[in-house]
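Okay, hi everyone, can you all see the screen? I'll walk you through one structure today, and you can follow along on the picture.

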Amino acid sequence: MSKAKDHITVFEHASIRAGSGGCLTDAQLKALQTYFGKGIPYFQLIHRGVKFNQFVGVIQVGRTVIEVLPKADKYESDNAKWRKILIGMLKAVGSFDIQSTSSSHLKIKPNTILDLYFEQFIKEVEYLQNSGLIKKYRKKEGNQTALKGSLQFNKHIQQNLTHQERFFVRYTNYDVNHTLHSILYKALRLLKRINTRPALLSRVGSLLLHFPEMPDIKVSDATFSKLVFNRKTLVYKKAIEIARLLLLQYHPDLSNGRNNVLALMFDMNNLWEKFVLASLRKNKLEGSTVTDRTSKLFWQSSKGKNSKMIPDILMEIGDERIVLDTKWKSLNGYNPSSSDLRQMYVYHEYYSAKKVALVYPGPSEESRGGTFYPVKDGPMDKECSVILLPVENDIKEWQRVIRERLYGWVNPGANSVEGSS
């Protein structure tokens with residue numbers, strides 16, 4: 001764990017505490033405890049502190065940023081290395097699309113992924129503003145001094161009986177006042193409050209100065225699910241996605257307003273699965289398909305409710321099937337857990353797989369093959385391997401190693417070819 005002014009860096013599954021020798025203030029700990037009460041899974045409460053789970057990313061409490069980094073080796077504690085790896089993995093799986101419509105290069109050197117999202121959002125809104133904000137038609141009704149649109153006779157009589165110079169009408173306006181801009185404006189105002197990077201202050205201020213003032217709206221998942229993007233508004237999609245992330249993950253401190261909480265956290269098990277999947281899809285074996293989360297029914301209760309099995313990655317090469325199950329944890333020389341092995345046996349049976357494997361990060365020399373004992377007398381032909389993939393500093397090199405190791409295990413001697421799924 002390391003701590004600088006207003007910046008705490010820890011690794012997943014580590015703990016931080018308040019009090020003597022701790023890095024949290026009592027107010028920050030209280031804010032995290034309140035946040036935990038909302039049912040969040042990122043950490044668990046311990047005596048005078050919190051212990052992080054398998055989630056990584058950033059939690060900002062007031063002006064203090066708590067950065068939680070991944071780590072596959074208990075002896076390796078290089079913050080810069082693991083920060084670079086996390087950002088690279090997020091880019092590779094598309095959780096952070098660095099290639100925006102406005103530019104392909106960031107102007108600041110990021111300290112955390114939070115800085116990347118802030119910078120990307122600002123660049124997207126700057127691009128939209130410089131390109132010209134789109135206008136939309138919206139219906140309005142109210143009193144006007146000139147008759148335009150349709151006269152709402154009943155309301156006109158009710159409100160204008162003594163004001164014959166006015167007309168209560170319903171009409172259509174064509175302007176920039178619509179939901180997309182209200183969301184962006186709300187996100188800009190939030191960014192002005194929570195941003196701690198001096199390099200971004202002037203850019204946020206400039207955007208707010210030139211962005212048309214919008215009415216404050218309440219946002220929820222429903223607000224974003226109702227949005228429909230067309231050819232004209234598609235350029236707003238990336239900015240709206242980041243605005244959604246910021247606005248829905250922001251939890252204001254209603255007591256004194258000093259320890260608001262913003263969390264951008266990612267489950268490392270899911271991220272590792274998506275990263276391995278993206279690496280395999282980047283250069284596939286000819287004639288192969290690589291899919292994820294392919295469900296299959298395997299149990300039905302008497303009340304009609306079904307249970308499904310959902311392997312992480314299913315590879316199909318011709319008539320052969322291979323199932324991969326990814327695990328972001330260190331084996332430290334031990335065998336996989338019995339529950340994981342039993343799960344792989346079921347995959348072998350139900351998917352008629354040629355091979356199955358558990359895939360971990362770690363030194364490749366610890367990889368090993370294995371087979372299941374037969375239920376009855378017979379050959380041990382159900383192969384279940386344990387594959388460890390060494391973590392590389394360079395993301396592209398890491399993905400190349402992953403492809404070569406896994407495709408080499410699936411089909412020894414075969415060459416991968418350029419392709420995508």
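Predicted model: local features only at pLDDT ≥ 70, side-chain atom pairs only at ≥ 80, totals over all residues.

Which residues of helix 8 are buried? They are Ala239, Ile240, Ile242, Ala243, Leu246 and Leu247. Around the axis these residues cover an arc of only 165 degrees, so they sit on the same side of helix 8.

Now go to helix 1, residues 26-36, where the buried residues are Gln28, Leu29, Ala31, Leu32 and Tyr35. Looking down the axis of helix 1, you'd find them within an arc of 160 degrees, so they line one face of the helix. What's on the other side of those contacts? The buried residues of helix 1 pack against strand 4 (43-46), strand 5 (49-52), strand 6 (55-61) and strand 7 (64-69), and also against strand 11 and strand 12.

Next, empty space. Rolling a probe the size of a water molecule over the atoms shows where empty space is left. How many cavities of 30 Å³ or more turn up in a search of the whole structure? The search finds one, and the largest cavity has a volume of about 30 Å³. Its lining is made of Gln60, Gly62, Ile194, Tyr250, Asn260, Val261 and Leu262. Sorted by type, that lining has four nonpolar residues, three polar and no charged.

Now for Asn195, in the loop between helix 5 and helix 6 (198-210). Is Asn195 buried or exposed? Its relative accessible area is 2%, so Asn195 is buried. Leaving out residues up to four places away in sequence, Asn195 touches Arg63, Phe118, Leu200 and Leu201. Gly205 is ten residues along the chain from Asn195, and their C-alpha atoms are separated by 11 Å.

Last topic: backbone angles. Most residues other than glycine have a negative phi. Here are two residues to look at with that in mind. His13 has a phi near 70 degrees, a positive value, and it isn't a glycine. You'll find His13 in the loop between strand 2 (7-11) and strand 3 (15-17), and with a relative accessible area of 46% it is partly exposed. Then there's Arg293, also not a glycine, with a positive phi of about 55 degrees. Arg293 is in the loop between strand 13 (288-292) and strand 14 (296-300), and at 43% relative accessibility Arg293 counts as partly exposed.

Note on methods: Residues numbered from 1 in each chain as written. Heavy atoms only, no water. Buried < 20%, exposed > 50% of the residue type's maximum accessible area, 1.4 Å probe, protein only. Helix = DSSP H or I, 4+ residues; strand = E, 2+ residues; numbered from the N terminus. Arc of directions from axis to C-beta. 1 Å grid on protein atoms, 1.4 Å probe; cavity = no way out; pocket = protein on both sides within 12 Å on 5 of 7 lines; lining within 4 Å. Points joined across faces, edges and corners; volume = space filled by probe spheres on them. Nonpolar A, V, L, I, M, F, W, Y, C, P; charged D, E, K, R; others polar. Contact = heavy atoms within 4.5 Å.
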